[in-house]
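Subject: Structure handover

Hello,

Here is the structure you are taking over, with the sequence alongside. My notes on what was found in it follow below.

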Amino acid sequence: MYGAVPGRTARPGAALSPATYLRRVMTDFFKYQALGNDYVVIDPRSTGLPVTPETVRLVCDRHFGIGADGVVHGPLADPRPGVPVPLALFNSDGSVCGRSGNGLRMFALHLADRDAGSWATGEPFTLRTTAGDSPVRILDRAAGTVQVGLGRPVFEAAALPLLNEDGTPAEGSTLSVPLTVGEQKLTVTALDNGNPHTVVPVDEPTPELARDLGPRIAGHARFPHRTNVQFLRVVSRGVLEIEVYERGAGYALASGSSACAAASAARQLGLCDERVEVRMPGGSVTVTLAADGSVTLTGEVRQVATGDFAPALRALLDRTPEAAR
Ligand SMILES: N[C@H](CCC[C@H](N)C(=O)O)C(=O)O
């Protein structure tokens with residue numbers, strides 16, 4: 001029976017008893033949170049649930065589903081040590097998210113929790129997303145401290161992309177560019193670190209500001225792929241404070257790639273040192289910025305639940321038009 005479990009080739013942890021292993025793998029979903037930014041992990045080795053924009057929306061729905069800011073779908077191939085592990089990330093509105101600093105850290109912990117073996121040793125391994133490869137490392141499994149590298153951000157209009165007011169493609173640097181939102185004339189710094197981000201320096205970042213101005217910037221006509229938005233206050237050269245509005249997920253208590261985006265922008269603007277604490281309503285992370293601009297994010301991740309979809313929800317999920325196709 002043990003040998004027949006899907007994913008058997010994925011090196012189920014030698015340290016796990018067959019009963020523990022079965023309990024871990026025969027489960028429909030795994031839920032994690034990082035400072036209040038929550039994702040449901042759907043592991044195709046554990047469930048045949050079709051992962052489509054519509055099923056993602058229902059799973060993420062906080063009233064009719066499980067509730068989450070997004071879904072991590074993976075591994076999309078049997079994970080093997082030494083080989084980048086492919087996965088896909090979705091926002092709660094069903095849109096595709098290139099890379100999620102928190103989602104990747106949660107998925108790293110999921111591999112350690114579910115498969116144990118080499119994933120749980122604390123050695124670095126690589127996760128593969130549509131936005132590129134990211135090294136991850138579980139620094140302290142008991143404390144849930146996980147680190148991820150998000151590479152070097154790009155501060156170029158073409159990368160996001162960012163358009164001019166007249167709708168033509170903008171060119172050049174996105175450092176401190178003007179952006180008009182209704183009556184307000186803002187100066188923002190935009191960048192791509194696997195996802196598009198727009199950092200707005202303000203005197204006082206508040207949830208109200210993020211909820212009000214966030215969606216108007218995220219969906220601004222000058223960002224045809226939309227953008228994540230961070231309202232930034234530089235507390236000191238070692239401490240930043242942000243409020244986040246995520247593209248595709250809305251107001252968020254925390255966001256890993258947003259913390260990295262804010263730190264990268266502040267660093268480019270000469271406002272912070274190479275190692276900063278980024279404070280968000282859900283808690284703080286540490287971001288380090290190497291001399292070449294590459295970014296590393298470190299912070300806490302927790303598993304909050306594992307479970308099965310009840311038959312009625314599962315029937316709905318299986319019945320979504322996209323799932324049926
Ligand atoms: N929560 C994620 C970011 C999601 C970005 C996503 N909203 C998008 O770019 O579409 C994180 O921790 O990095």
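How many salt bridges are counted between domain 1 and domain 2? The count is one. Please keep in mind throughout that this is a predicted model.

First, the domains. The assignment for the chain puts residues 2–142 + 303–324 in domain 1 and residues 157–291 in domain 2. Their C-alpha centres are 28 Å apart.

On the domain 1 side, 42% of the area buried against domain 2 comes from Leu-35, Asn-91 and Arg-99, more than from any other three residues.

The salt bridge between the domains has been mentioned above. Polar contacts between domain 1 and domain 2 come to eight residue pairs, with both residues at pLDDT 80 or more.

Next, the strands around β17. Strand β17 (residues 295–300) runs antiparallel to strand β8 (residues 145–151), and six bridges join them. One of the pairings there is between Gly-151 and Val-295, the latter in β17. Strand β17 also pairs with strand β16 (residues 283–289), again in the antiparallel sense, over four bridges. Here Thr-286 has Thr-298 of β17 as its bridge partner. Strands β16 and β17 make a hairpin with five residues between them, and Gly-293 in the turn has a positive phi of about 95°.

Last, salt bridges in general. The whole structure contains 17 of them. In one, the side chains of Asp-38 and Arg-62 meet at 2.8 Å, N to O. Asp-38 belongs to strand β2, whereas Arg-62 sits in the loop between α2 (53–60) and β3 (70–73), so this pair ties together parts that are 24 residues apart in sequence.

Regards

Note on methods:
Residues numbered from 1 in each chain as written. Predicted model: local features only at pLDDT ≥ 70, side-chain atom pairs only at ≥ 80, totals over all residues. Heavy atoms only, no water. Domains from an automatic or database assignment. Buried area = accessible area lost by both parts, 1.4 Å probe. Salt bridge = Lys/Arg side-chain N within 4 Å of Asp/Glu carboxyl O. Polar contact = N/O pair within 3.5 Å; in protein donor to acceptor, adjacent residues only side chain to side chain. Pairing = 2+ DSSP bridges. Helix = DSSP H or I, 4+ residues; strand = E, 2+ residues; numbered from the N terminus.
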